[in-house]
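Subject: Structure handover

Hello,

Here is the structure I promised to pass on. Please open it first, then read my notes below.

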Amino acid sequence: MKRQPAPSSHVRDPGFQSRRQVLKHVGALASLPFLAGLGSASAQASVPRIGFLSVPPQGHSPVFGAFQDGLRSHGYIPGQNVVLEWRGAEGKDERLPQLATELVNSGVNVIVAETYPAIVAAKNVTNTVPIVMAVSSDPIETGLVESLSRPGGNITGLTTLSTHLNGKRLQLLKEAYPGMSRLALVWASLAAPDKAPGIKEAQRVARELGLEIQYYEIRKSDDWEQAIRAVANAPTPPDSVFQLCDPVTLSRRKALVDFAAKTRLPSMYEMREYVVEGGLMAYGPSLATMGRRSADYVDRILKGAKPRDLPVEQPTKLELAVNQTTAKTIGLDLPPSLLAWVDELLE
């Protein structure tokens, strides 16, 4: 009987190479911190899951798009090697607790909370899932972290330090419009004016400048129209507007900016986004920059860093943006001393 020749050493099972590549990739995935401890079957199916919790609708969030850009810069491509779970409250704060619970129950590895109400909602439903603050005004004053250098707990991220900048904003508005005396302060908060973050600083500087503050509070998303009417129909009308940035007013910024222009009231805002829409002035950090930097925190957490060990980042650059067209429209001649401060002059 003739003996069959032995298989050549270079002949391989056609599926061998593909199986070897699969095993190689599974081994690489299993070594990542967010998959540590998972079995090989779970590792094959698992990718990091990132939750994004927002108050404004997705198309009105100046942070979300920048955050996605930041993810891509770190190699995270939603739908390919990362799952991005968006939850938006459509301008209704009361929906946030339910949405935060949904994110936690979906098994996200980290939650990015866009603003203070979203941060609080996430904090109230989990003390284990890492939370990254994309935008927070003063996380120490509001009790979100123990300190900026050592946050403690499961929360870290970025702060605008807006509560400390409101005095400077009033000074800049006064310089732009020396004749101002009655300021309409519009904000959204459940706290009284003497308790709301950032208002104390505004009150202190207003007294120094001899300004009377008229308060117009927006408690829920539908109140903004009522607040605008109240400003317009005030017995003693204000001669200027200071708009504090928050999720509700940020999503309605076009209507509020248009109102200030229509009534020819010089206006100050916290964020450049209002000036792009036609607001007169804004002084503060860039929301887009904060969105991109939030992705840096997510990357570090997915690679094993603990939120309690990641210092809260303060803005490295503050910018004064002025809309020159709006100034001309309301008949305001901006002094050279102010224009020398301007970082961005929009026409």
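A residue is called buried under 20% relative accessible area, exposed over 50%, and partly exposed in between, using a 1.4 Å probe and protein chains only. Helices (H or I, at least four residues) and strands (E, at least two) are DSSP runs, numbered from the N terminus.

This is a predicted model: local features need pLDDT of at least 70, side-chain atom pairs count only at pLDDT 80 or more, and totals for chains, interfaces and linings use all residues. Residues are numbered from 1 along each chain as its sequence is written, and side-chain values use heavy atoms, leaving out hydrogens and water.

The sheet

Five strands form an open sheet in the order β2-β1-β3-β4-β5, with parallel pairing. Two strands pair if DSSP finds at least two bridges between them. At the edges lie β2 (83-88) and β5 (155-157), each pairing on one side only. From one strand to the next, the twist averages 25°. Angles run from 0 to 180 degrees between N-to-C directions, with axes fitted to C-alpha atoms, for helices over the stretch in contact.

Strand β3

Strand β3 (residues 110-113) is covered on both faces. Val110 and Val112 are buried on one side, Ile111 and Ala113 on the other. In general, side chains of a regular strand alternate between the two faces of the sheet. Four bridges join β3 to β1; one partner pair is isoleucine 50 and valine 110. Three bridges join β3 to β4 (residues 131-133). There, isoleucine 111 has isoleucine 131 as its bridge partner.

Helix α3

Helix α3 (residues 64-73) packs on the sheet and touches β1 (49-54), β2 and β3. Contact here means heavy atoms within 4.5 Å. The direction of α3 makes about 170° with that of β2. Which residues of α3 are buried? They are Phe64, Ala66, Phe67, Gly70 and Leu71. These residues cover an arc of only 160° around the axis, so they sit on the same side of α3. The arc is taken from the directions from the helix axis to the C-beta atoms. Their cover includes β1, β2, β3 and α12 (287-302). Just after α3, glycine 75 takes a positive phi of about 90°.

Glutamine 203

Glutamine 203 lies in helix α7 (residues 199-209). Glutamine 203 is buried, with a relative accessible area of 17%. A polar contact of 2.7 Å links its side chain to that of tyrosine 215.  Such a contact is a pair of N or O atoms within 3.5 Å; within protein, one must be able to donate a hydrogen and the other to accept it, and residues adjacent in sequence count only if both atoms are side-chain atoms.

Best wishes
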